[in-house]
Amino acid sequence: MKNPSSKSRAHRDKIPVFLLTGFLGSGKSTLLNHVLQQRDFGDTAVIINEFGDVALDHNLVRVGETRITRATTGCLCCTMGSDVRSTLHELLATADSGEITFDRVIIETTGLADPAPIVNQLLPGGVAAFGLADHIVARNFELAGVITLVDVLTAELTIENQFEASKQIAFADRLVLTKTDLARETAKQKDIARLRVQLGALNSSVPIIDWRDNDFDPAKLFLPRPYRPVDLGDDVTSWLALESAIASEESDPVNMDSDKAGIARHGARIRTFAIVREQPVDAAAFLQFLKLLTDSAGPSLLRVKGIVSLEEEPDRPRIVHAVQHVVYPHSVLDHWPDDDHRTRLVFITDGVEPDPVKQLFEASLSSQSPLVERALTMIKTGMTKVFRSGAIQMVRVWKF
Ligand SMILES: Nc1nc2c(ncn2[C@@H]2O[C@H](COP(=O)(O)OP(=O)(O)OP(=O)(O)O)[C@@H](O)[C@H]2O)c(=O)[nH]1
């Protein structure tokens, strides 16, 4: 096992860093969880980045003894300065103190992440080192792959409507189709064939892998290889050049405009908010809330995830996921991950405001039909965007 301890590390011994990205709900945590269970991945340090007020992912990914999970609630691509580098520097310091060992780092980005600034901080010739810590990181780590997941159920519309999704695809040196197990019918296969063409137009050099193919081993995605932006085309190299220019402007105190500091890159329409509730909820009423919300908001409801305490079984929390119009089967935990036993739901929306969603939640739980109707009307009238239909639909049949 390598000692990642720093200063004398030769170039060839740099610790590989993999970026695992893909739009909201594309399956990043699911794939990560899958590979982390493999014995060879025992010495993997994982950095999980979340977008939202309530950090949940670090509770939901299993963490073994030798793995470290760092969760930040800012967005790595939006935070100023070198957040990725400082997290890597911290990891090295922890390794130097003998607390941990690792020989691979996987960074799971938020689903909304623009990969350009993150990649640029990890590439030689990218953002200049701003201090000793950055130099140490450059000597000890190298970007060894960018893996982008593509949810076949929602990708077509997502690519059309969300610019970050296109960039994530353009920066990939491995593209992985997810949810193909939910799209086996002939009609859906045609949609996937069309999606492959769409992906090829965004990134013509990248292998496209179906992670539900029987003979595919997801661990192979994390074999180190040189990451060469120049192979990915002019768009990628131009975006990186732009990032370098932005970074050097931001690092210059003369040009620094405090109003711009930390400005989020994501469109002004993107909202993130949470519902937190002390009391357990009624299962049927909660399901009705999710159904009404996904039916009415559809593609504007980019993501819902949460941990839910049910009146029927408060000691065994449910993990719920919805991605746009699709609600996924929940999973059941045998116990709460920590002392916080409240229901916590995180929402990321494109133009859907928090208040009507919160009102719909309360009205559904108290079965007040007029208030439910009023909240639904508010959600629909508040949505600024009209999406054409065309996403692969999925029949939603599930219950707690
Ligand atoms: N059937 C099926 N479900 C999947 C697949 N991949 C992910 N899911 C489900 O999709 C939902 C979202 O998956 P996550 O792994 O949480 O997605 P994510 O990309 O980490 O989500 P964010 O961090 O919010 O961007 C969960 O309910 C998963 O169980 C897949 O290949 N097939």
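**View 1. Helix α10 passes helix α12 in a right-handed crossing.** A crossing is called right-handed if the near helix is turned clockwise from the far one by less than a right angle, and left-handed if anticlockwise. The model is predicted: local features need pLDDT of at least 70, side-chain atom pairs count only at pLDDT 80 or more, and totals for chains, interfaces and linings use all residues. Residues are numbered from 1 along each chain as its sequence is written. Helices (H or I, at least four residues) and strands (E, at least two) are DSSP runs, numbered from the N terminus. Helix α10 covers residues 283-297 and packs against α12 at an angle of about 30°, with the axes 10 Å apart. Here axes are lines fitted to C-alpha atoms, for helices over the stretch in contact, and angles run from 0 to 180 degrees between N-to-C directions. The angle makes α10 roughly parallel to α12; under 35 degrees counts as roughly parallel, over 145 as roughly antiparallel, 65 to 115 as roughly perpendicular and the rest as oblique. From α10 the contact uses L292, S296 and A297, and from α12 it uses V372, L376, I379 and K380. Two residues are in contact if their C-beta atoms, placed from the backbone, lie within 7 Å. Five of these residues are nonpolar, one is polar and one is charged. The classes are nonpolar (Ala, Val, Leu, Ile, Met, Phe, Trp, Tyr, Cys and Pro), charged (Asp, Glu, Lys and Arg) and polar (the others, Gly among them).

**View 2. The axes of α11 (residues 354-365) and α12 (residues 369-382) come within 8 Å and cross at roughly 160°.** The two helices are therefore roughly antiparallel. Their crossing is left-handed. On α11 the contact residues are P356, V357, Q359, L360, A363 and S364, and on α12 they are L371, V372, A375, L376, M378, I379 and G382. The contact has 10 nonpolar and three polar residues, and no charged ones.

**View 3. Helix α3 (residues 83-96) packs against helix α5 (residues 132-140) at about 75°, with the axes 9 Å apart.** At this angle, α3 and α5 are therefore roughly perpendicular. The α3 residues R85, S86, L88, H89 and L92 meet A133, D134, I136, V137 and N140 of α5. By class, five residues of the contact are nonpolar, three polar and two charged.

**View 4. The chain is divided into domain 1 (11-251) and domain 2 (270-382).** These bounds come from an automatic or database domain assignment. Domain 1 gives 15 residues to the contact and domain 2 gives 21. The side of domain 1 that touches domain 2 has eight nonpolar, five polar and two charged residues.

**View 5. The ligand is surrounded by 20 residues, of which G27, T30, G111, H321 and Y328 are the closest.** A residue is near a molecule or strand if its C-beta atom, placed from the backbone, lies within 6 Å of it. Two or more residues of the shell come from each of α1 (28-36), β9 (301-308) and β10 (318-323). Helix α1 gives the largest share, three residues. Domain 1 and domain 2 each supply at least three residues to the shell. The shell comprises four nonpolar, nine polar and seven charged residues.
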